[in-house]
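Welcome! Please take a look at the sequence and the structure below, and then let us walk through a few parts of it together.

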Amino acid sequence: MTTLLADIGGTNARFALLDGHEPGPATSLALDDFPGIAEAIAAFLDDVPRPQAAVLAVAGPVSNNSVRLTNRGWVVDGAALGPRLGIPRIQVVNDFAAQSWALPYLSGPDLHPLGGGPAQAGAPLAVVGPGTGLGIGAFLPQGSAPGRALVTEGGHASIATHDEREAAVVAWLRARHGHVSAERLLSGQGIENLHAGLAAIDGITVEPLEAPEITTRALAGSDPRAAEVLDVFCAMLGSLAGDLALLYGAQGGVYIAGGICPRFPDYLAASRFRARFEEKGRFRAWLEPVPAWLVMRHDAAMLGLSAIARG
C-alpha cells in the first residue's frame with residue numbers, strides 16, 4: 001500500500017510517498033503559493049501515483065482528526081480532505097508527534113553533537129524545534145513495544161529568563177502581548193522580537209529586520225546588535241532544552257529540530273547553549289552527561305511519519 005506522508009509547517013510543506021519501509025524522496029512546497037492545503041497536496045499528487053492512505057503532520061493541536069495551523073489559520077481536516085483528494089484514509093497528527101517518532105531512527109550524519117555523554121538506553125528522548133513556531137515533544141521507549149510519542153503544546157508555555165537583560169526583553173514583550181510564551185522568543189518571529197526588544201530596552205531605534213537577515217548579519221560579524229540577538233537566542237534555547245531534559249527525564253537525549261538552527265550548527269555548538277543547558281543549580285551534575293544534538297536531517301519528520309504509517 002502506498003501512503004502519502006506530509007510534514008505541514010507554517011511556511012512550507014514536505015511531501016513524500018511511503019511504499020514499503022523507507023519513504024521516497026521528499027518534495028518541499030511553499031504554502032504561500034496555494035490558497036489551502038488541499039491545493040498544495042493536489043499539486044504534489046499531480047505527478048505521482050494516487051496513494052491509498054495519507055498521514056499528515058500539522059503544526060497545531062489535533063482534535064477529531066482535524067487541526068487549524070497555529071501560524072497560518074488553515075484547517076486540515078482528514079474527513080473532508082479524503083473525498084476531495086480521492087484518498088480513502090487520511091490520518092492527521094501533530095507535527096511534533098512525527099518529530100518525536102523520528103528520534104529513535106536518527107544517527108550518524110543526521111545529528112550534530114551539542115555536548116554531553118552517551119545516551120542512557122531506554123530513557124525518554126525530548127525534542128524542541130524553533131522554526132516558524134516552536135514545537136516540543138518527547139518519545140518514551142517501552143522495551144520491546146514500539147514506544148509512545150508524547151505530544152505537547154509546550155512552545156506556548158511561559159518562557160523563563162536567566163538574567164536582568166532577558167527579563168527586560170520579556171517585560172517589554174509582555175506590555176505588548178500579555179502572555180509571553182517560549183515561542184515569542186525562540187522562533188523566527190522570536191529572533192525578530194529579540195532584535196526589537198533589545199534595542200528598545202537600550203533606548204535606540206533600529207531598522208526592522210526579518211529573522212534570516214538578522215542571522216546572516218550575526219554570522220558575518222557585521223552587526224553587533226544582530227550578534228547579540230543570536231547569542232541570546234542560543235542561550236535561551238539552551239535553558240529551555242535543559243528544562244525539557246528535567247521535565248521529561250530525557251536522559252536519552254534532547255534533540256534540537258526545526259528549520260532555524262541547522263543554518264549555524266558550529267555557532268550553536270560554540271555558543272552559550274550548552275552552558276545554559278547545564279546551569280540548573282543543584283541538578284548540574286544530573287544534566288552534564290545528558291546528550292544534546294542538533295538534527296541536521298531536513299526530512300527527519302518523514303521517518304516519524306513512516307513509523308506512524310506502519311503502525
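Predicted model: local features only at pLDDT ≥ 70, side-chain atom pairs only at ≥ 80, totals over all residues.

Which residues lie on each side of strand 4? Ala53, Val55 and Ala57 are on one face, while Ala54, Leu56 and Val58 are on the other, and all of them are buried.

## The partners of strand 4

Strand 4 runs parallel to strand 1 (residues 3-8), and six bridges join the two. You can find one of these pairings at Ala54, the bridge partner of Leu4.

Strand 7 (residues 89-94) also runs parallel to strand 4, and here too six bridges make the link.

## Helix 3

Next comes helix 3 (95-102). This helix is mostly covered: eight of its eight residues are buried, among them Phe96, Trp101 and Ala102. Where the helix starts, Asn94 has a side-chain oxygen within 2.7 Å of the backbone nitrogen of Phe96.

Is Asp110 buried or exposed? Asp110 has a relative accessible area of 12%, so it counts as buried, the cut-off being under 20%.

What does Asp110 touch, leaving aside its neighbours within four places in sequence? Asp110 is in contact with Tyr105, and also with Leu294, Val295, Met296 and Arg297.

How values were computed. Residues numbered from 1 in each chain as written. Heavy atoms only, no water. Buried < 20%, exposed > 50% of the residue type's maximum accessible area, 1.4 Å probe, protein only. Helix = DSSP H or I, 4+ residues; strand = E, 2+ residues; numbered from the N terminus. Pairing = 2+ DSSP bridges. Contact = heavy atoms within 4.5 Å. Polar contact = N/O pair within 3.5 Å; in protein donor to acceptor, adjacent residues only side chain to side chain.
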